[in-house]
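I opened the notebook to record what I look up in this structure, one item at a time. The sequence and the model come first.

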Amino acid sequence: MDRPTPYIFDIQRFSIHDGPGIRTVLFTKSCPLKCKWCQNPESQKSKPEVGFYFENCQDCNKCVEICPTNAIDPITKISNYAACIACGACVDICENDARRMIGQKMSEQEIITELLKDIDFYSDSEGGITFSGGEPFIYPEFLGGILKELKKQKIHINIETCGQFDFEKVANILPFIDLIYFDIKHLDSQIHKEYTVIANETILSNFGKLITVFENIQVRIPLIPNVNDDKEHIKAVCDFLLKKGHKLVHLLPYHSMGNSKAIRIDYKAEIFKVKPHTKEELNKIKSQFSEFGINPITYD
Amino acid sequence: MIESTTQTNQQSPRSIALKKAILDAEYSICAERAVIWTDYFKNKANQQKPVDIQIAEALARVLREKSITIYPDELIVGNFSSKRIGGSIYPELHGFPVLLDLFKFTTRKVNPLKVTKQERKQLLKTMPFWTFRFLGMKAFKGIGNKIRFLLSQLKSTEYVINETGGIAHFAPDYEKLVNYGIKGILAEAKELQTKHEQGSEKWNFYESVKIINTAMIDFGARYSKEALQLAEKEQSTERKNELITIAEICKNVPLNPAKNLQEALQSIFFVQIAINLESLDNGISPGRLDQILFKFYEQGITSGELNREKAKDLLSAFSVKFAELIPILSKQITEYHSGLMSGQVICVGGKNADGTDSTNELSYILLEIMQELGLRQPNFHARIHNNAPAEYLDKIFSVLSSGYGSPALYNDEIIPEALQLNGYSPDDAGNYTPVGCVEPTVPGKSFASTDAALFNVISVLEKAIYSKSNFDSFESLLSTFENQLKLKFNSFISDMHAIEKANHKFHPTPLSSSFIEGCISSGTCSTGGGAIYNLSGVQCVGAADAGDSLYAIKKAVFDDKTISYSELISELKSNFKNDQIRKQLVKIPKFGNDNQGVDEMTMYVAGTFSKILNEYTNYRGGKYVTGLYSMTTHAYFGKITGALPSGRKKGVSFASGISPTNGADKSGPTAMFNSLNRIDYTKFPNGVNLNVKFNKQTLTGEIGKNATKALVKTFFKRKGMQVQINVLDPDVLIKAQKDPDSYPNILVRVSGYSAYFNDLTVEVQNELITRRKH
Ligand code: SF4
Ligand code: SF4
């Protein structure tokens, strides 16, 4: 089978905030969007890369010496993505657990075995499996193969998507999916592009198509201070959702974790830093959503 | 009509006041028992008497002469010692070693205890008398043997025998007590005594039962008098009436059957005190109180004498009292059992004999009390089965989310089965209650000495590993290990036998025997095998470390051949001079990560231990059975043990109970439970302890609570045995930040998703820590 398969960035068991019940989350690498506030910056690129845990580094320089492509900066010890061929030599030689390979190839069978390990917990907690990323929907054939197997065991499937995908291909695998978390970042295409590197037309049109054929969609908005939290934009979002017949939105308050993770793969990573919303601000934002006819749900 | 279970009452002002008094009290040593006991035994005339009579008379004197106090606000009265929170010295049992510590108690780092100058003096005076008379000395013949045993227990490397402090750990037949009273026991003993010749062994036993039970009646009467005197002086009419009621109750019980809930609780508490004063090896457990007391609750509600609130107030006032008792242990023994645990279990819920659910309103009231009190004692446990009501589980998990780690959970789908495989009848097995820490026993029928000893299985593994410079196969290492285990058991069991025999010969327990079925009918003390069930429990400590070590040897030396056996030995001896080798060993999978190979190795170690031990019979005619809990001996044994093939360095604590080694369960709780379900718990009828730590935030929210509930549900459906859920507070996050290796699994909520605390940068960690404090 030579369908395009993703590198697996992580498989996280006992995840309880990525859909109902106890879940295992499969994180695939590669995402068409590059949000400045991304929570998982190490999942954006499609190839494996080396994460650097600077707090463990003892400055022995063994990694620098062994790297066949001179990809490691001798001062910062960060691997240069363009030069790195993901051979893993530096990870193996590091004695201090300061380097980890992000992204590995796994066979379909290996993935399924791993995902089924917690099947008893899924059934007792009414949980299941969540596919996240990166963007899982850019691998519809790969997903389809795995989902078909998982569905034999009647496992609840959730997909977390940024909305940027080929709708025709994804439509084929919708029957295997129970729930979709659909992220909406900004309704203004220009601003969308500025913060995520791509325009929003495909995303919005995919949402429109999806909602007519798929029932269980949860719209999620990462609330970014000074980007998409103004009243005008909130109204635009609400109008858009109402027009599509959707009345609920899950708000994800901004958190600075993505940045601190970004420096593990690129010390020159552009630091996106805004002050997180206060409780009062969040309440105000929530009441604005309500005012415009959308029921907002937040966690914490 | 019984009121609905969903009703949650506020904690009563009385309960709050009583709890505060406990929290404010200092931990002290009380000299009274030791002084009275010594005085009795120094008497030449007493020394001539049969030993059963001696113990009964000495304990009777303690009950008649010890100081008694009724504290403000109390509804259930009776004091274990002369201190609000105190413990007695049992010079004839732990004797000399504990007295040697007299000057260290106040200043020692772990569990310091207060002792007044005057009491210290009194205690010092008892010392010379007991030097050669305490149980550890009497158990062994010949001075060499005595000293060998004493030294081995003072700096124990292989096993710790708790029975040198007496045999206990049982759930007395409190059902019989509340239904028939002491009167019933006396009548039985009197009648049976007539069948035996005066002065015969059995006649003496019955005589001792009569002596001590008569003293029990007088013990109650002393409190009755005290309550009346206080009532006379009392200004508040409300309290005056309470004291008058107490006076009447203490006149009636423990002598007579209890007439109502308060009498039943009072009767139980008097006996609870007295049994604790009889012998040291505590773990005296009231057990399934919701079952024993429900009929009194029902009667009270129907007659209108009682309402839910009043019942809860009584049960709360009763429960608080258990925190007033602490065991006094020497510094050395404190290393084995730190935390001042007296092991008094109260258990709720479970299946009835016919498979139906047994929870009732009292189960719910007791769960509320656990949450409100949050004290060290009593040790609250809850039984769970596959068809337990959702409401009951909900209540349990909301109690757990308050962070006290209570109740510990027990699985009815496996424990009765494990007990039946070890000789218990199906009905009795179904009526089990845990006692002490985690040990399932049958109330009123088991004298199972569940905490008889803790055995360091690593000491045997080390012997096997170092016995040869090389092994031609992994299997031959395993068979060496098995042979070494058999050898060690031979000498261990003979020590055990000597101690159990000495208990029978020198420290029979006529009062305990009065509340264990079989003893009175057969005229045999519980220490002599009079009970229906007579097991002895030995804990296998270090099973996970042993499993991890064997698996590492198998992988590195025999399968992958990355390290030679001699290289391994020299690394162990040098505590890993070559850190590379250690790292390599550490990377080999460890128990608790859902890796079948290593999980099965842990089961192999514990299972082999159980199989070999099971072949021995104890002094009382019962089987030896295995438990997998460790008190704090895993830390102690770890401290004195060198490097292990698992990559564990010298001195590091072993894994506690059946939990994976600290920090090894890197794959999260589901993986850990999958590993734990690879253990066949029917092999460990003496109980296991699994400590699972959760971050407070994980458990408090509705989502986290449901997830935790589901984890336990799955674990129990697949026949897990026991689990204790620990909720970590924010301070722990700070520790986790400083020492991440010891806290690998703290799941934190960042924003709409979870992450492991260690995977976050300091910056985000700090943010979480500060956020949590609000
Ligand atoms: S090998 Fe590891 S410790 Fe050495 S410089 Fe590289 S990252 Fe740092
Ligand atoms: S993975 Fe290989 S190519 Fe990439 S930085 Fe490390 S050693 Fe160099």
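Which residue just after H5(A) takes a positive phi? I looked, and Lys154(A) does, with a phi of about 60°. I note here that the model is a predicted one.

**Entry 1: helix H5 of chain A.** H5 covers residues 140-152 of chain A, which makes 13 residues. I checked its span from the first C-alpha to the last: H5 reaches 18 Å, close to the 18 Å expected at 1.5 Å a residue.

Next I asked which residues of H5(A) are buried. I found Pro140(A), Phe142(A), Leu143(A), Gly144(A), Gly145(A), Ile146(A), Leu147(A) and Leu150(A). Then I looked for what covers them. Among the strands of chain A, the cover includes S1 (8-15), S2 (23-28), S5 (128-132) and S6 (156-161). Helices H3 (108-116) and H6 (167-173) of chain A also belong to the cover.

**Entry 2: chain A as a whole.** I counted eleven helices and ten strands in chain A. Its C-alpha atoms fill a box of roughly 60 × 45 × 35 Å along the principal axes. Why do I call the radius of gyration of chain A that of a compact globule? Because a compact globule with 300 residues would have a radius near 19 Å, and the 20 Å of chain A agrees with that.

I put the buried share of the 300 residues in chain A at 56%. Of the contacts in chain A with a separation of 6 or more, 71% join residues 24 or more positions apart. I took the accessible surface of chain A as about 13300 Å², with 51% of it belonging to carbon and sulfur atoms.

**Entry 3: chain B as a whole.** I repeated the steps for chain B and counted 33 helices and 15 strands. The box filled by its C-alpha atoms is roughly 80 × 65 × 55 Å along the principal axes. For 774 residues a compact globule would have a radius of gyration near 28 Å, so the 26 Å of chain B agrees.

I noted that 64% of the 774 residues of chain B count as buried. Residues 24 or more positions apart supply 77% of the contacts in chain B with a separation of 6 or more. Chain B exposes about 27300 Å², and 53% of this comes from carbon and sulfur atoms.

Notes. Residues numbered from 1 in each chain as written. Chains lettered and ligands numbered in written order. Predicted model: local features only at pLDDT ≥ 70, side-chain atom pairs only at ≥ 80, totals over all residues. Heavy atoms only, no water. Helix = DSSP H or I, 4+ residues; strand = E, 2+ residues; numbered from the N terminus. Expected span 1.5 Å × (residues − 1). Buried < 20%, exposed > 50% of the residue type's maximum accessible area, 1.4 Å probe, protein only. Contact = heavy atoms within 4.5 Å. Rg over C-alpha atoms; globule rule 2.2 N^0.38 Å. Areas by Shrake-Rupley, 256 points an atom, 1.4 Å probe, with all protein chains shown as cover.
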